Structures are given as structure tokens and as C-alpha cells.
Amino acid sequence: MKDKQNNCDCRENLDRIAREEKTWQENLVDKRVQRFNLEKSPTSFYTPNATQNFDFLEKVGFPGQYPFTAGNTPFDFAKANEKLAAQMNFRPDWGGTRGVGKYGGFGTAADYRDYLKRMHSMGRFGGPNMAFDLVTQCGYDSDSPMGEGEVGRVGVAVDSFRDFCVIYEPYTGDLEIDKVPSNFTINAPCAIIIAMYAELARSRGIAPAVLRGTPQNDILKEFIARGTYIYPAGPSLRLFRDTLEFMRKHMPLLNVNSIGGYHIREAGATRSQDLAFSLANAAAYIREGVNAGLDPNDFLTKFTFNAFGGSMEIYKEIAFHRASRRMYARMLKEEFGVTNPKAMTIRQPITAHIGCSSTTLQRTLNNWARAMVGGVAAGMTGSLPGVFPPWDEPLGLGHSQEAVQMQLDATRILMHETGLTDVCDPWAGSYFMESLTDELEADALAEMEKIQGMGGAVAAIENGYMPKAVAKSAYEKQKRIESQEDLVVGVNCYTGEHEIDVTINREVEATYDPALMASCEERQKATLQELKRSRDGKTALSLLSTLRTHARDESKNLMPDICECVKNDCTLQEVCDVFREVFGEAQPVKL
Amino acid sequence: MYKGARVETIVSISWETLLDGVKKGNVRSLARIITLVENREPGWKDAMKSLYPLGGKAKIVGITGSPGAGKSTLTNAVARDFVARGYTVGIIAVDPSSPFSGGALLGDRLRMRDVVTLPEIFIRSMATRGALGGLCQGARDIARILDAFGKDVVIIETVGVGQDEVEVVKAADLVMVVCVPGQGDGIQALKAGIMEIADLYVVNKADREGADEVVADIGGMLDISDNGGRPQPPVIKTSALANQGITELVDALVQGFESGRNADSWQAQRVKEEILTLVETEILDYLRENWERTGDLDKAVEGILEKQTDPYSVVDSLLPLIREASRSKETT
Amino acid sequence: MNNKKIRVLIAKPGLDGHERGARIIAYGLRDAGFEVIYTGLRQSPEQIVSAALQEDVDVIGLSILSGAHLSLTKKVVDQLKSNDAEDILLVVGGVVPEQDVASLKEMGVAGVFTAGTSVSQVAQFISEQVNA
């Protein structure tokens with residue numbers, strides 16, 4: 001025992017507590033259990049014996065310092081400007097010139113451009129936060145038979161650099177792309193979109209070096225969840241490497257990626273699977289950068305995470321975020337020799353939340369109460385107490401103004417009325433929370449070791465391990481709900497005839513014009529046809545052929561070729577088809 | 001309007017119509033006949049009788065190997081190559097039934113993307129169904145129906161675990177065993193029954209490290225094994241995903257069709273086994289049905305549990321039923 | 001001896017890659033004693049119907065979360081019709097807004113299952129319909 005520990009933790013004291021606990025268990029707990037005719041106590045209680053040899057500096061440390069268990073910073077931008085936000089009636093959903101606007105996208109490039117213009121005219125600025133349609137995400141052009149019926153549906157269709165430029169037409173002057181950032185939620189064809197972004201800047205006489213924003217660029221999780229992969233995991237990782245090298249060299253302010261633990265949990269992963277798989281993916285990306293000769297102390301400052309998954313189990317979610325920060329920092333330090341503290345934090349927009357999969361269609365308004373719990377957990381894990389998602393999420397009709405208002409207000413109530421976020425890591429030192437954090441960390445580490453034993457994330461994707469594990473966990477969860485082992489209010493309990501389904505008015509702002517949606521496929525195809533007619537076809541063909549040759553050489557960085565291709569009007573699918581030819585296509589996982 | 005009315009259709013479509021459909025190349029009739037035969041619906045044997053003379057032309061290839069060896073992907077590549085050479089192909093993809101629910105998850109199709117829509121190809125997923133009626137016989141029946149339908153080649157892809165696969169590939173003319181690098185124990189498992197029936201070894205995923213070692217291991221085992229005087233089976237390296245080695249593999253299969261195990265003695269042995277399997281199933285089905293109806297089986301179990309008798313005496317006392325069974329067969 | 005099993009094809013038409021629901025249903029129906037043919041992601045209506053015919057399934061289950069359920073289901077129905085396979089029971093699961101449920105049923109979809117549906121409900125529905 002080190003002398004810094006006071007007598008509360010000394011051996012005799014712990015022994016005394018253990019003896020007292022035993023007596024308490026027998027005299028009080030067991031008798032109550034008997035009285036209520038239970039098999040065991042429905043509650044637990046933690047004493048210092050749960051965290052024996054607890055070393056505060058090793059396990060927790062100070063907020064903003066290794067191992068970051070207590071938080072990435074003592075307080076973040078939002079906390080620093082909390083009062084100001086109230087004074088200026090700040091609405092994060094509208095975006096400011098500092099950040100990106102609301103996530104979205106639909107129709108043709110021109111449709112989305114007009115939508116963005118309309119938002120600007122309403123005072124809702126912020127950079128484009130682009131959702132791409134599934135056709136683009138899967139590397140097809142709008143005229144591909146694979147994309148029939150899906151063009152412009154869940155996001156904007158981008159077939160070419162010309163489309164990309166059209167979207168950015170409203171971004172000039174005060175909103176010039178050297179002033180506002182952009183987000184791109186795209187993975188398999190991400191290299192192409194990054195090339196377009198760089199070429200857009202160059203075409204406007206702006207150095208790509210000043211561009212800001214975040215491409216999702218997290219292809220590995222697509223194999224585990226979400227499913228918009230194209231090529232096998234190995235070559236996909238090579239394309240990631242090429243973007244990483246390119247961005248560090250030419251676009252150093254741009255975030256490299258947004259690694260998703262969120263999707264993995266939504267797909268059904270358990271907490272420890274979510275943590276282990278996300279970190280295993282992160283490790284694969286880092287290894288790729290290190291193997292390319294890049295310094296992780298540098299490039300990791302531009303890695304971000306797209307939040308991890310969430311659940312209603314508030315304690316476990318808090319422990320999850322404490323464990324994830326610690327595990328990531330330790331992994332970087334011990335495995336990759338990272339020393340720069342700025343490179344060791346999990347940078348993510350929000351921390352704890354309940355996850356969309358916790359929301360229910362039944363008695364939908366209850367989701368507001370559910371999301372509030374997530375906000376409380378977030379506030380206790382070092383971030384804005386973001387209440388997420390809006391309660392009408394499971395209706396699948398777009399969030400209503402009312403639901404978004406209630407979501408915003410719930411967050412504001414937690415921010416301003418409760419003092420929830422006035423303390424960093426309020427759970428630090430809790431016997432219960434520290435042991436829960438250790439337990440989760442141990443589970444996740446064991447899972448990571450398993451993956452390492454297979455040869456890392458790529459191998460555990462190719463042999464189907466990670467996707468299958470997630471599918472099985474999802475099914476186990478479903479079985480627990482159907483057997484009423486897990487209770488979900490309004491779904492498998494309290495469903496009697498006297499319960500009331502409370503509804504309120506829902507007005508979904510007419511964001512996307514249904515008439516435009518209906519005609520976008522035809523219009524987008526016409527634009528594409530026009531492009532193919534008017535471009536210099538010979539140059540396009542020869543550039544694609546160069547790209548093909550270089551793609552076969554694993555040591556070549558393909559970004560300069562991709563830049564040339566997009567600049568000369570090669571389409572997104574044409575570039576992807578070259579890679580399909582050279583890399584092959586990913587195999588679906590057999591259940 | 002679209003209307004789900006499955007049951008009426010089953011009842012209303014007769015065996016004759018379906019058999020006629022199969023002869024005319026109707027895919028739905030083919031699929032339905034397979035279902036009815038697989039289910040052992042009344043009349044199935046008569047249907048098989050009338051299909052039997054139509055077949056006998058197709059070459060049946062059995063593909064087996066450990067899970068994860070890439071059998072489905074290989075089947076996909078091989079089938080594609082066969083089609084390119086002008087063959088039509090039927091594929092039977094076997095997956096295990098759940099011993100608890102009797103249901104099954106059949107997912108091999110999803111690895112056969114290149115061929116699922118080719119008109120020359122017919123893919124049928126088959127669950128082991130607790131090997132009721134003999135798994136080998138089930139696969140053999142389907143293969144025979146595909147043969148009668150006019151498929152030139154029928155590929156049977158097995159589950160890849162245990163005794164089942166040895167059973168299934170007995171229905172094949174040529175058996176191809178798939179190995180991959182990095183599965184040392186997989187090769188060990190081969191020793192248990194598979195070596196005797198393999199006509200061809202494939203080392204798939206040969207772009208991976210250790211492929212040559214696997215080839216050497218197989219060669220080593222073949223050197224010391226007794227394969228009844230047959231020529232040494234070839235060992236071929238492939239990478240099904242990259243479509244490498246597939247031409248060589250299909251060349252070897254085609255050659256095998258010509259030179260394969262066509263010895264009369266082997267064919268006779270196979271026919272004999274089939275007859276015995278069919279008879280065994282029939283008798284067992286008959287007995288079980290009878291015993292369950294009369295309650296004799298339950299009574300016997302009870303007797304044994306209460307230590308009043310023993311299983312051997314029970315068998316002897318139940319045997320008269322078999323004679324009855326054979327009599328009733330003669331009369332029908 | 002009759003050995004009949006209900007055979008179900010589970011497919012994801014279109015490009016939507018969210019497989020959670022489809023996989024849960026596939027596992028769940030297997031455990032309910034069905035033979036489930038799982039064809040996975042990015043299936044064209046032609047592929048789905050061709051698989052359904054070859055596998056001689058009693059039921060086709062489509063899982064769609066991208067919002068493209070009306071057009072994709074319509075295409076599958078058209079394929080079934082042109083293949084004279086209208087007897088195959090068609091069910092749809094996923095994110096389907098209330099008002100679209102009626103449109104799907106009008107097309108001939110026998111059952112629409114949205115969030116919160118239990119696998120046992122789906123299994124029961126299929127058993128009843130197929131054995132009716």
C-alpha cells in the first residue's frame with residue numbers, strides 16, 4: 001500500500017468493511033429477500049472492496065489529461081459559451097458560420113442547392129452537412145439499374161464533379177468554403193468526394209490546405225453495420241490510407257474520418273462488442289497510417305469518432321464512455337507510442353445517448369422521456385447534455401418541428417436549470433462506477449484480443465466474425481424482449497386497454513418537395529447524359545486507364561489520379577468501376 | 001389483384017402436370033417437384049420412377065471441405081466457368097437444420113452472386129432435416145430431378161462438418177475436397193473418412209500465405225494413404241474470389257467426368273447402397289408409424305425404464321412387424 | 001412420411017444496407033421451424049423472384065428501411081405477376097409509415113411489419129396464412 005492512501009483504504013479497514021458487509025448481507029438483505037419470496041436481491045451495493053488497489057491517477061486522472069477517463073477537457077466550447085448561447089437564442093440545428101448546418105440532402109444536386117439557398121435566406125447558415133443517396137454511397141451513377149428508385153432519396157445524388165460544384169453554388173462570399181466547413185457522410189467512395197472537395201477549392205483559387213470539415217471515411221464499420229461497402233476490406237483500407245496521406249499533405253485542417261461505434265451498436269452489438277470493434281477498426285486505420293510512414297502524433301489529432309452506440313442503461317453508458325476514453329488513450333500510448341495528448345482523445349460530437357434503437361413506435365411520445373435519460377448520461381460523461389433523438393424518430397417521416405423543439409428544450413433545461421454539467425466526471429471514485437468501468441474495459445479488451453488473434457479488424461471482417469457477432473447479439477436482444485426478460489414500456493408491458501397513446505401535433509417542415517423527389521431521378525439522369533455528351537471522352541478514358549494501372553500498384557497513392565479523373569468529368573461510378581475491376585467486390589456475410 | 005393463394009395451387013396442381021412441366025423445361029414445375037419429393041408427399045416415388053429414365057446424363061460433382069473454405073464462392077466460380085463452356089448447371093447447396101426447431105438458415109445462395117440470375121443455372125438450397133430418409137438419398141433425389149430436367153452438371157455443396165458431408169457426397173460422381181491455408185486442423189479432419197472418397201483436392205484462397213504448405217501436406221497424406229489403386233487425385237490451387245485457377249479446376253473436372261470412377265464394380269456398389277438406404281428408410285418409416293399408432297413403442301420404453309425388460313428383447317418382440325411390413329409391401 | 005417445412009425467402013431489395021431486422025427475422029423464423037433462405041443485401045426484384053421460384057418458397061419477406069418500399073415492392077409484385085407466381089405470400093418489414101401500409105396491401109402484400117413487431121407475431125402470421 002502506498003502511503004498516499006489514507007486509512008480509509010488500508011487493509012484492516014477493508015477487512016472490517018468486508019466483515020460488516022457479510023453481517024449486513026445475512027441480517028438484512030437475505031432476510032428481506034426471504035420476506036419478499038425472491039431468489040436473490042434485486043439490487044446491489046458497492047463498498048471500497050469493489051475497487052481494491054484503486055489507483056486514482058492510473059485509472060482516472062484529471063479531466064483533459066491521460067488517461068482521459070474523466071473527460072477530454074475540463075470543459076468544452078459549448079460549456080464555455082453556455083450563458084452566451086442562452087443570451088443569443090442559439091439554435092444548434094440551424095448551424096452557425098462556424099459549424100456545419102443540419103444533416104441532410106435530397107434529389108438532384110440542383111435540388112439540394114436550392115434547398116440550401118432557402119435555408120440561407122431563412123438565416124440558417126452553416127456548411128453543407130451532406131447526406132448522399134444510396135446510389136452514390138454504393139458507388140453507382142444515377143443511370144445504373146442498381147439505383148432505380150433510389151436516386152436522390154435518402155440524400156443528394158452526386159454523379160460527377162459538376163454535381164458537386166452545383167451544390168456549392170450558394171457558398172460564396174461570407175459563406176466561401178474557406179470560411180465554412182463541410183461534412184460528408186460517405187465511406188466506400190469517400191476518396192472521390194475528398195478529391196472533389198480539393199478540386200472545388202482549386203477551381204475557386206483557394207488552397208485545399210484551408211478547407212475544414214469531416215468526411216465520414218470509416219469503411220470498416222460498413223462491413224459490420226450499415227452495409228454500404230463496395231470493395232473487400234483490404235483494398236478499402238488501402239483507399240483509406242491514400243486519403244489519409246493526401247489529407248495530411250494537402251488538406252491538413254480537414255478531419256480524417258469519423259469512426260462509428262454508433263452504427264455498430266444500432267446494428268445490435270453489445271456494449272463490449274461496440275467498444276472493441278470500433279477500437280479495433282480505429283487500430284486498423286492507425287496501423288495503416290503508421291505503415292505509410294506517417295506520425296500518429298500528427299494525424300491522430302484529426303481522427304474523430306461519430307459517437308458510440310447508446311442504450312437506456314444509464315450507468316453502463318456512463319461507464320462505457322469512461323472506459324472508451326481510457327482504452328483508446330492506452331492503446332495509442334502502449335501500442336503506437338503516441339505521446340501527444342491532443343492525439344489521444346476520442347473526439348466526438350456527443351457522448352452518451354440512448355440510441356435510435358431504444359426508441360419505440362408504440363406510444364411514440366414516450367421517446368422524449370427516454371431521450372432525456374440519454375441527455376442526463378451525456379451530461380455526466382463530459383459533454384453537452386444532448387437529448388437525442390427527437391421523439392418522433394421511429395415514425396420514419398422526418399423530425400417534426402415540435403419534436404425538434406422539445407429535444408432542444410430538454411437539452412437546454414439540463415444545461416441551464418440542473419447544474420448537471422458543473423462537475424467533471426461526477427462518478428469518479430464511485431466504488432460502483434469504477435468497478436463497472438473496469439469490468440466493461442476487461443470485457444472489451446478480451447474481445448479485442450480475440451480480434452487481434454484473428455489478425456485484426458480486416459481479418460475479423462473477412463472471416464465474418466464481427467458482422468455475425470453483431471447479428472447474433474441483435475437476435476439475443478430481440479429474444480430477451482419477446483420473453484419479457486427485457487421490458488420495454490408500451491411494447492411488451494403496460495399495453496392494456498386503459499393505457500392512452502398520447503399524441504401531439506406534428507408539423508414536419510416541408511424540407512424536401514415531394515414533387516421534386518418524384519422527378520429527380522429523370523432530371524439527374526438527363527444531367528448525367530449531358531455530362532457524358534459534352535465532356536472530353538478521350539481524356540476521361542485515358543485518365544481512367546492510368547488510374548487502373550496505378551490501382552494495381554499497392555504502393556501508389558491514388559488520390560492525384562482520382563483528382564484528375566473528377567476534374568475531367570469522369571463519373572463517380574466510372575472511378576468506382578475501375579476499382580471494382582482491380583480490387584473485386586466485397587463478399588456478403590453468410591449468417 | 002395479387003393474391004397469396006398457395007394452398008389451392010398445391011392441391012390443384014397434379015403430379016402429371018408437374019412432371020409434364022419438368023419435361024418442358026418449366027422452372028416452377030421443377031422447383032415444386034423438388035419440394036414434393038423432398039417432403040415425401042404421397043406419390044413421390046412414382047414421380048421419381050417416371051423421372052429416372054429421363055436422367056443418367058448429368059455429371060454430379062460433390063464439393064466438401066471445412067466451413068470457411070470458400071465452398072460457395074468456389075461453386076459460384078466453377079458454375080460460371082461451366083456455363084461459359086456451354087454446360088447447364090444445377091446447384092444443390094446443403095446447410096444444416098437446427099436440431100432444436102427443425103428450421104434452417106440457408107445462406108449459400110448469397111455467395112453465388114455471379115450465377116444466381118443466369119438462365120443456365122438452377123440453385124436449390126437444401127436443409128439436412130435431421131437426415132430423415134437419408135441425407136444422401138435426399139440430395140441424390142434432387143440431383144436426379146435436375147438431371148432429368150436436363151442439367152449437364154449438378155454440383156452438390158455440403159455443409160462442411162461431420163459425417164453428414166461424407167454421406168452427401170456419396171451421391172456424387174466426382175468428389176472435390178476444398179482446403180484453405182491457415183486451417184491446419186481442417187486437414188486433420190480430412191483423414192476421417194473424406195480421403196477415401198476424394199477425387200480432387202482444391203487449395204482455395206491460394207493467394208494467402210501457407211498455400212504451398214497445404215498442397216505439400218495433402219501430397220504427403222496421399223503418399224501414405226491407400227486409395228484402392230486409383231490414380232493419385234490432382235491437387236489444384238485456386239483463388240475463387242480473384243477467379244484464379246478456376247479454368248484449371250474445371251479442366252480437371254471435365255477430365256474426371258471422362259476418366260472418373262466409372263468402373264462397373266463401383267457403380268454397382270453405389271446402386272446397392274442406394275437400394276439398401278431406400279429400403280431401410282421405408283421399413284423404419286413403416287415401423288415407426290405402426291409403433292406410434294399402436295403405442296407399442298411407448299410401452300416398450302416404459303418397460304425398459306421400469307427394468308421389466310431390455311432393449312434386445314424388445315427388438316425381438318417387435319420384429320414380427322417387419323414381416324408384416326414386407327407382406328403389406330407386396331400387396332400394394 | 002410427410003416432412004413438410006414452410007420455406008421463406010428473406011431479402012433486402014435496393015441498396016439499403018441495414019440488415020439488423022432482416023437478420024433477426026431470419027434467425028427467428030429458423031427457430032420457429034421454418035427453412036429460411038437468406039439472400040442478403042442489394043437484391044434486384046428479378047433476383048428475388050428468381051430465387052423464390054427456384055427455392056419454391058411459400059413466402060417472400062422483404063426488408064426495406066430506405067423509404068423506397070413502395071417502388072421496390074411494386075417491382076417485386078410485377079416480377080411475381082409476370083412469372084405467374086402470384087400464389088407466393090409477400091410480406092414487408094421495415095420503416096413503413098402508416099399511410100403507406102394501405103398502399104402496400106393494395107399491391108397485394110399480405111402483411112406489413114414495422115418497428116416493435118415480435119418475431120413470434122411474424123411466425124404466427126406466416127403459419128396461419130400458409131396453412132390456411
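Predicted model: local features only at pLDDT ≥ 70, side-chain atom pairs only at ≥ 80, totals over all residues.
**Exercise 1. Find another cis peptide bond in chain A and place its proline.**

Solution. Step one: A:Phe388 and A:Pro389 are joined by a cis peptide bond, with omega about -5 degrees. Step two: A:Pro389 belongs to the loop between helix H15 (366–379) and helix H16 (401–417) of chain A.

**Exercise 2. State how confident the predictor is in chain A.**

Solution. The confidence value is pLDDT, given for each residue from 0 to 100. Chain A has a mean pLDDT of 94, and 97% of its residues reach 70 or more. Residues 1–5 of chain A stay under 50, and the model has two contacts for them beyond four places in sequence. A contact means that the C-beta atoms of two residues, placed from the backbone, lie within 7 Å.

**Exercise 3. Decide whether A:Asn37, C:Arg42 and A:Gly126 are buried or exposed.**

Solution. The rule comes first: with C-beta atoms placed from the backbone, a residue is buried if 20 or more other C-beta atoms lie within 10 Å of its own, exposed if 12 or fewer, and partly exposed in between.

- A:Asn37 lies in the loop between helix H1 (11–35) and H2 of chain A. Its phi is positive, about 60 degrees, although it is not a glycine. A:Asn37 has 6 C-beta neighbours inside 10 Å, so it counts as exposed.
- C:Arg42 is in strand S2 of chain C. C:Arg42 is not a glycine either, yet has a positive phi of about 50 degrees. Its 20 C-beta neighbours inside 10 Å make C:Arg42 buried.
- A:Gly126 is in the loop between helix H5 (109–121) and strand S1 (129–131) of chain A. Because it has 24 C-beta neighbours inside 10 Å, A:Gly126 counts as buried. The C-alpha atoms of A:Gly126 and A:Ser272 are separated by 36 Å, the two residues being 146 residues apart along the chain.

**Exercise 4. Describe the fold of chain C and say why it counts as compact.**

Solution. Chain C has five helices and five strands. From the N terminus they run β-α-β-α-β-α-β-α-β-α. The radius of gyration of chain C is 13 Å, close to the 14 Å from the globule rule for 132 residues, so chain C is as compact as a globular protein of that length. The radius is taken over C-alpha atoms, and the rule is 2.2 Å times the number of residues to the power 0.38. The C-alpha trace spans about 45 × 35 × 25 Å along its principal axes. Of the 132 residues of chain C, 65% are buried. Among the contacts in chain C with a separation of 6 or more, 71% link residues 24 or more positions apart.

**Exercise 5. Work out what chain C brings to its contact with chain B.**

Solution. Step one: 42 residues of chain C touch 37 residues of chain B. Step two: the elements of chain C that each supply at least two residues include helix H1 (20–31), strand S2 (35–43) and helix H2 (45–55). H2(C) gives the largest share, seven residues. Step three: by class, this side of chain C has 21 nonpolar, ten polar and eleven charged residues. Ala, Val, Leu, Ile, Met, Phe, Trp, Tyr, Cys and Pro count as nonpolar, Asp, Glu, Lys and Arg as charged, and the others, Gly among them, as polar. Step four: strand S3 (residues 104–106) of chain B pairs with S2(C) in the parallel sense over three bridges, where pairing requires at least two bridges found by DSSP. B:Leu106 stands opposite C:Ile37 in S2(C).

Definitions and conventions: Residues numbered from 1 in each chain as written. Chains lettered and ligands numbered in written order. Helix = DSSP H or I, 4+ residues; strand = E, 2+ residues; numbered from the N terminus.
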